[in-house]
Amino acid sequence: MNKKLVALSGGAALVLALSGCGGGDDGDKKVNDWAKSVCDEVQPQLKKIQGANASIQAASDEQDTKKLQQTDSKAFQQISESYAALAKAVQKAGAPPVDNGEQTQKQAVKELNATSGAYNDLKTTVDKLETSDKSKFAEGLKGVADDLDKLSTSGDNALKQLQEGKVGTAMSKQPGCQKPKTGATSPT
């Protein structure tokens with residue numbers, strides 16, 4: 001009943017960890033320092049997002065609609081809080097020391113906050129789903145999954161611009177911006 005949610009929820013969150021795998025030796029200490037200041041804040045948030053996605057996945061075969069609702073609601077809340085924390089990390093780091101850095105930072109913060117708000121909206125939607133009728137609940141989850149699909153795309157776009165050029169290369173070198181190690185493989 002919940003498999004589509006699992007497949008979609010990880011996409012936007014892990015873009016930050018997987019992007020910017022460019023080569024080259026940029027040697028720009030300011031850019032590397034900026035990337036480190038952001039990436040040091042990123043890793044704990046990515047782990048929280050992965051944990052939330054794992055809880056959704058673990059509950060995907062749950063037949064008790066109330067338990068499934070609670071799990072999804074809590075996961076969306078965690079993801080929302082993590083995106084808000086990512087926005088704060090980018091805001092706190094200041095503009096990256098590259099051309100159009102201030103504009104890039106403002107746009108990334110705006111879109112990360114919007115993604116946080118959208119996950120909070122999904123939590124609210126899930127909280128309002130009728131759990132006593134499994135078919136109505138499943139139909140409601142389908143609507144959530146459709147919203148999540150759109151959200152995944154906008155979340156991906158929010159981070160792509162931040163990770164272009166020297167900034168992306170510098171971020172890809174930081175341990176905090178690399179995909180957290182887990183024992184489980186992700187379906188995304």
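Modeller: Axes are lines fitted to C-alpha atoms, for helices over the stretch in contact, and angles run from 0 to 180 degrees between N-to-C directions. Helices (H or I, at least four residues) are DSSP runs, numbered from the N terminus. This is a predicted model, where local features need pLDDT of at least 70 and side-chain atom pairs count only at pLDDT 80 or more, while totals for chains, interfaces and linings use all residues. Residues are numbered from 1 along each chain as its sequence is written, and side-chain values use heavy atoms, without hydrogens and water.

Biologist: At what angle do helix 4 and helix 5 pack?

Modeller: Two packed helices are described by the angle between their axes and the distance between the axes. Helix 4 (residues 65–93) and helix 5 (residues 101–128) pack at about 165 degrees, axes 8 Å apart. Helix 4 is therefore roughly antiparallel to helix 5 (the term covers angles over 145 degrees).

Biologist: Where is the kink in helix 3?

Modeller: A bend is the angle between axes fitted to the seven residues ending at a residue and the seven starting there. In helix 3 the kink is at Val42, about 30 degrees, shortly before the proline Pro44.

Biologist: Which residue caps the N-terminal end of helix 3?

Modeller: Asp28 does; one of its side-chain oxygens lies 3.2 Å from the backbone nitrogen of Lys30.

Biologist: Which residues of helix 3 meet helix 7?

Modeller: Contact means heavy atoms within 4.5 Å. Among them are Trp34 and Val38 in helix 3, and the helix 7 side includes Val167 and Met171. The axes of helix 3 and helix 7 (residues 165–172) come within 8 Å and cross at roughly 55 degrees.

Notes. Helices (H or I, at least four residues) and strands (E, at least two) are DSSP runs, numbered from the N terminus. A polar contact is a pair of N or O atoms within 3.5 Å; within protein, one must be able to donate a hydrogen and the other to accept it, and residues adjacent in sequence count only if both atoms are side-chain atoms. Angles under 35 degrees count as roughly parallel, over 145 as roughly antiparallel, 65 to 115 as roughly perpendicular and the rest as oblique.
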